[in-house]
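Dear colleague,

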Amino acid sequence: MTATAADTVGITVDGQPIEAMKGELVIAAAERNGIYIPRFCYHSRMKPVGMCRMCIVEIDTGRGPALQPSCMIECTDGMTVSTGSPVTRKAQEGVLEFLLVNHPLDCPVCDKGGECPLQDQTMAYGPGESRFVEEKRHFEKPIPVSDLVLLDRERCILCDRCTRFAKDVAGDPLIHFMDRGSQTEVNTFPEHPFASYFSGNTVQICPVGALTSTPYRFKARPWDLEQVESTCTSCSVGCRVVVQSSRNRLVRYQGVDNDAVNWGWLCDKGRFDFEAVNSEDRLGEPLVRDAALSLKPATWSEALSRTAEAVKEGLDRSGPEGFAVIGGARLTNEECYAWVKLAKGVIGSDHVDAQLGDGLPAEVVLGLPRATIDDACRPGGTVVVMGPDLKEELPVLYLRLRHAVRESGVKVVELASVATSLTDQLAAVSLRYRPGCALPVVRALVGRHDVDDEVGGVAPEALRAAQQVLGDGPVTVVLGRGNLAESARSIGAAAAAIHHSLADVRFLSGLRRANVHGALELGMAPGLLPGRVTLDGGREWFADRWPTLPKARGLDAAGILRAAADGKIDTLVLLGSDPLADFLDRDLARRGLAGARTVVALDQFLTESVKQADVVLPVAGYGEVEGTTTNLEGRVSTLARTVTAPGTAQADWIVAAELADRLGGDLGVGSVADLAAEIEAVAPVFSGLTAEALRSPVGREGVVVGMPSRRSGNGAEESEVAKAAPDEPTVDEAATRGQTAPAVADEAVVAAESNQGTTPELEPTGVLPPTSGVPLPVWTVIDPPSVDAYSLRLVVTRKLYDRGTLVRSSPSLADLAEPAILHLHPQDFDRLGVAAGADVRITSTKGNVTVPTVPDPGVPRSVAHLHANRAGGRANVLIDGNSPVTDVRVERP
Amino acid sequence: MTDVDATTDGGSRELPRIVSSRWDLADGYTLDRYRETGGYRALAKAVTEMTPAQVADQVKGASLLGRGGAGFPAGVKWGFCPPGVFPRYIVVNGDESEPGTYKDRLLMERDPHQLIEGVLIACYAIGASQAFLYVRGEMALAQERLAGALNDAYAAGLVGDHILGTDFSVDIVLHWGAGAYIVGEETALLESLEGNRGMPRLKPPYFPAAKGLYMQPTVVNNVETLSNLPWIVENGGAAFGDLGAESSKGTRLFAVSGHVRNPGVFEVEFGVTTFRDIIFGERYADGIRDGNELKAFIPGGASAAWFFEEHLDLPLEAGAVGAAGSMLGSGAIVVMDETTDVVKAAWRIVRFFAHESCGKCTPCREGTAWLEKVLRRMLDGYGRPADVNKLLDICDNISPSIAWPPKQTTICPLGPSAVAPIASAILRFRDEFAAYCGGAAEVTVPVNGKAYLSTPPTVSAGATP
């Protein structure tokens, strides 16, 4: 950021002239210039409270030096600050002595010992010895404030960091100061545990050892830890983390303060699911189904031979179309590329889909103009959330958006069929539309005409209010699947309608799987090739680089499973996917797995679907492979390898390379670096994204690919890739060409006649590399049928803690996943003749489940709200993937 | 009635009793008696004959200083309300908690209507239609009397809609505190009133008048301050200004307690009467009990630096007391005679502050509690010579350089309040500390407060009764 004179003030700190930003706090300005003022309560991502008094320094604003907390005072021109004067030293020493008066000094048995700000600052600024001979205050040793966090009140120095975080940052004000004076303590109210998705952050920001997390407590000492910086892949937000391990086991993740993404915060799922990597249930050796039809351990050689034979047989029988891959969102970018190259470039099948029908068509994700998190959170803007409950699926994005709403005046318009975590306090307007009616509601919203009638269940007043908000500033749409029982097509069409009507609107993908965006960028979807190019658009370019190419567009996950159920798939590869749990139509998933001739699963765990496989190949997990991952913005950041995989588990890309070899082909890569280099060379949007670029000061926080970045000073668009690789101007041209605005079909994107999947042909550029850009598909959107009087319309959403593999395999998190429960509007109970709390049977055309019920005013009438993938009732038993919506009957069992 | 006394200025001239005129009446708190004795005439005059600006001008002209302790002119404070910003509120600070202070309690118990009338006049002057009476939680009788008075006033059309048939409407809400000294600090009081923890607000905003209750313009006035308003409106600001000293107009209530023969609250002419008058005057506290000698006295509440013999002839006036190194504060004079164990006295006061520290900032939370523990240990017979300097050094870490007015490493002045009794006691009565500490200790911690450093007069000046 280039500061102009109007933005800055000149202050003097310890005799050193400093240019401070206007409004900048003294403590921050000093730190930016290398002068560290000790502190406990101050945290750069939270509002200052000036409570600990440790940062007290002598500040002279012309009326003589006076002791002032530097975390509360904004820099003013001509201010003189003395951080080391005798008066300052005496005051700071005094504060430290006070802090230690009631501190138990149990450092030898404290988890914080060795990385404790109190310890460190006592060494640096404190008195040599204690003059306190009286009795210290005592509390019961650690009390659990939540399932994950323990509180040792004796160690607490009452800095208000955890309580402030809970209240101001997370919006979960469940821990408070209680009592007063020297008996003040942090605690929860009875029966109200600190059940926050973000509770682990309080442990990280605690400046003493008062808060400890159950997964890490007494597990390691800081000086025994090895640590590497990496990126969290528990969801697609891509928070930067420090991964800490001890004796080849992961023991802790800590959030890294990354301006662009997570600001140092993590959600508890991301923070604690390292337990899954350490799980005893990890697969450590290949399994092959024997003659008796049971899975038996095998050598890699046997397992790979068996797989290669199956693929070859399939190729002989039905050609490349008999080979299909489902999954890949768990993989690194490099591994995704290896598998795309194997499937599309060596075998020649386009039946590759990283998603399981619960996401959005790749063309929607790649074809709409993308936004970064910062774009969405920019002051004065408007964010339309037409996607998942952010707190449940993309928790740190929720924190960023919450901050933007509360501190930067960003307004949120929420389109959701049931109340979400945004509804109560963050959304300016909530459009509670009838499931299936996203498109008409969006049309009314972005249409430039007055709304006088109800549209899709939304009152005209609400629509008018939302229209008003939409006119206030630049609009970013967070786009995803808010309701898994509502077809993706309906959301895609609605997004296209917004794109068509609002100039300069940008989209931030709300797909949640770890590297789903990287997988799509690298072509893990039918009709695509690496680098955001269509199969046809990139055919010429890739024909020179890959042994072969698919002849025509292939099938998505639903199509693959349908084909498999019809006996048309010879080899089905599950690339870290569990269709039985995650595919929206469980019955189809079951039939597909049964119908494929050979199912090969690459996984870390023996999931329900993996148990159906004929060959199980154990693969490396988080922290066991290096590479890069791509977050929902398209930001590529590094993944570090720090521990070894269990048993003989291999990285997914090695499996691809081995298979290619056994199929008589050659992937042409021998390392992750080779893969990265090849991606950079062949995939247009990755052009210029070298390993050096990712190590550069700018690139370390991740580099957004395929998007024009913020305007640079001279008004010219400068790409993030180019910024990260300043020394390589030659790549700039290619990179810029790679980011040409997507060629979007200008005409109405919703047309009656076209079918899903027909993509208008993109003119080959003739010059290599191809222009990246994915045209939006054109859909037929069927109006949802009206709900009959006896039915309820199904809404299926996800919760952070579900029966997904990561949560289930992390002992600390597993118990946090609640069983399935049906949410109904309180007034629907009488009509249905069921009692709150009682078990009900939910029946759709696809199947039925029996679950208990709970009244929930956040659910509109005639809507049945169920969470996906929970114990006791799987929502994907009910969902009808062929219908735009799913209607259900709810009865006494 | 021992704690109330008619007031004259040494007998030379009759002084009007501005705020305590009904204290002698057994039923002075009733609406009937209040009206019989001239009550609500000022309100009627204000709302029917005067504009709000005229009322405000009268108060400004009276130079009525706030009676809560800080002594800020009430009329000026009202003027800080940003023009045109509504709603604005009047909040009555009835959380009188400073040890030794009990004047507001008597005003609320014995003449609640006078306070209500004052509130209404203030509301009229600043354009507020909502007032809050925040009464200290422990004052059961005051709460009861105020609640009764408020009900009666509502019933009589004196509070509520269309007061006295005019367009002027005010609602008054009575709110009881939950027992926290710090809530006497106005921003902590507002926090408490809003339902939050009673902790002082971080500044800026500096004045509640700009951003106070619910972030609206709010005038927070002390009970005694508002109780003066009916008299000022009726008799005019100039008449009020005729009383008292140049910079301290009117009369003022002082609560005298401790080792005096006649403890009580006395209304005296502000800034003219001396400490000697009020402690030894027959009409007032009537001298030290049992004919004992004066050892020390606290001139303005427990937070104030102690005064001694040589300070007796200072007038009860903020400037003079401040110049001598202490403060007049809330008007609480606590007298200690020669039988007082000053270590115990200091401990008792420090214990109060340690108990009342809100716990927000470190030096106050930990420092006051530590001071209390050290003093307690000394009293228990485990003092050490090093404790004397340790006490002062802890004081120095709470209130750097132990100066007056106090500097602070804390957020609010509560922490430094605990410093005054310790510094006063140690510096004046070092031998008593030596007795508790197993021997004399040289004081090496520098102390700068003027009152702490005052030495006994070599020649007994003036006449001691």
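How many residues does the contact take from chain A, and how many from chain B? In this predicted model, chain A contributes 25 residues and chain B contributes 24 residues. On the side of chain A that touches chain B, helix α2 (residues 86-101) of chain A gives the most, with seven residues. Sorted by class, that side of chain A has 15 nonpolar, six polar and four charged residues.

Chain A itself may be described as follows. Its secondary structure comprises 29 helices and 38 strands. The C-alpha trace of chain A spans about 85 × 65 × 60 Å along its principal axes. For 893 residues, a compact globule would have a radius of gyration near 29 Å, and the 28 Å of chain A agrees with this. Of the 893 residues in chain A, 59% are buried. Among the contacts in chain A with a separation of 6 or more, 72% are between residues 24 or more positions apart.

Strand β3 (residues 89-94) of chain B pairs with β4(B) in the parallel sense over six bridges, and B:Val92 has B:Leu133 in β4(B) as its bridge partner. Strand β5 (residues 171-176) of chain B also runs parallel to β4(B), joined by six bridges; here B:Phe132 has B:Val173 as its bridge partner. Together with helix α7 (residues 140-155) of chain B, β4(B) and β5(B) make a right-handed β-α-β unit.

With kind regards

Key: Residues are numbered from 1 along each chain as its sequence is written. Chains are lettered from A and ligands numbered from 1 in the order in which they are written. This is a predicted model: local features need pLDDT of at least 70, side-chain atom pairs count only at pLDDT 80 or more; totals for chains, interfaces and linings use all residues. Helices (H or I, at least four residues) and strands (E, at least two) are DSSP runs, numbered from the N terminus. The radius of gyration is taken over C-alpha atoms; the globule rule is 2.2 Å times the number of residues to the power 0.38. A residue is buried if 20 or more other C-beta atoms lie within 10 Å of its own, exposed if 12 or fewer, and partly exposed in between; C-beta atoms are placed from the backbone. Two residues are in contact if their C-beta atoms, placed from the backbone, lie within 7 Å. Ala, Val, Leu, Ile, Met, Phe, Trp, Tyr, Cys and Pro count as nonpolar, Asp, Glu, Lys and Arg as charged, and the others, Gly among them, as polar. Two strands pair if DSSP finds at least two bridges between them. A crossover is right-handed if, with the strands pointing away from the viewer, the path from the first strand over the helix to the second runs clockwise.
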